[in-house]
Amino acid sequence: MRSTKLPSWTKRLLGLDPVPGPPHVFSIDTRVLRYGCFHHGPQGFVYEASESVELPAEIFDEGPLGAPLRAPQDFAAVVEDFCRRLPEPVKEASLVLPDTWLRLTFSEIGELSRKIPAREQMLRWKLKRLVPFRIEDLRISAEPVTPFPTQEEPARVLIGFAIERLLSQIEDAFAAAGIEIGRITNTTLAVGASVEHGLDPDDLAGLVTVQPDAYTLSFMRRGEPLLYRYKAISEGVVGSSVRRDLRLTTSFLQQHFAETPLRRLFLAAPREEEDIWLEWLYEELGVAPEPLAFEHFQISRTQVGPTWLETAPLLGAVSLKVA
């Protein structure tokens, strides 16, 4: 069952609101700005348009949670020029960020105040105990999820957090180009949303996303996230550390979901890294991983060129919603 509902402002950052998103979506990382446009068709989404542009290296700074733009005016100029060349005008869009920039964590929590300032204060107090970042610098968001039977507090929430200044700079750049950014989510949540339609509601499903500077392990059931693990990649993926992390994850799943075996396991990884990840996942989790492919998505037409690793987050951001 669901616990105490949180106000709409807490859901905007995670993108987990019940209102269908606009057909337009952008994704950003330190290297590429991407755009996708999806429309509903009789047999699923139709991928109408796809555009991308490489970003100059001097725009972004580095940091463990990303960092504010080094050159916000240069980024705004790139966004304006990029959007001017899109096949149709865009007034409102969703945005997908890397998991490094928009992190997730779970927390047990007690009864929340009905007053928004008090709720935010409670969430920030919880988050301060969980992450090594200056809470005052962060924009936070939260969504209630089903509590674990053995937890001490009555409720459990998924908290998303990102650097406020970085998000504001990105939003300002799009606003200058005449585009309002509505929902904001990260790669893991977006990819998970893109494959959710094909899952049995009672099945436990997993997703592994391999991004340039991190990989994530997440698990979902009945349309909601249950577990999320983020691991930074500094100098390449080391097999021994990945296997160790997978074994810890397996132990956690067996402890909390002993009667709910893992049924599906999706892999979102660059093509050149798929084989090694398929080997690690099968050997440590005991389920045959499924690399992202056309049959996993509620889509009737796609674009030639973009990989599923690029397409899935854009499609997921368009379809992301909570019943």
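Which element contributes the largest share of the lining of the largest pocket? In this predicted model, local features require pLDDT of at least 70 and side-chain atom pairs count only at pLDDT 80 or more, whereas totals for chains, interfaces and linings use all residues. Residues are numbered from 1 along each chain as its sequence is written, and side-chain values use heavy atoms, with hydrogens and water left out.

The largest share of that lining, 5 residues, comes from α7; helices (H or I, at least four residues) and strands (E, at least two) are DSSP runs, numbered from the N terminus. The pocket, an open set of points on a 1 Å grid over the protein atoms alone where a 1.4 Å probe fits, with protein on both sides within 12 Å along at least five of seven lines, has a volume of about 1,200 Å³. Elements giving two or more residues to the lining include β1 (24–28), β9 (204–211) and α7 (308–319).

Elsewhere, 3 strands form an open antiparallel sheet in the order β5-β7-β6, pairing being assigned where DSSP finds at least two bridges between two strands. The edge strands, β5 (103–109) and β6 (138–145), each pair on one side only. Antiparallel pairing of β5 with β7 (residues 155–163) extends over 7 bridges, and A155 in β7 is the bridge partner of I109. The twist averages 30 degrees from one strand to the next, with axes fitted as lines to C-alpha atoms and angles running from 0 to 180 degrees between N-to-C directions.

Terms used. 1 Å grid on protein atoms, 1.4 Å probe; cavity = no way out; pocket = protein on both sides within 12 Å on 5 of 7 lines; lining within 4 Å. Points joined across faces, edges and corners; volume = space filled by probe spheres on them.
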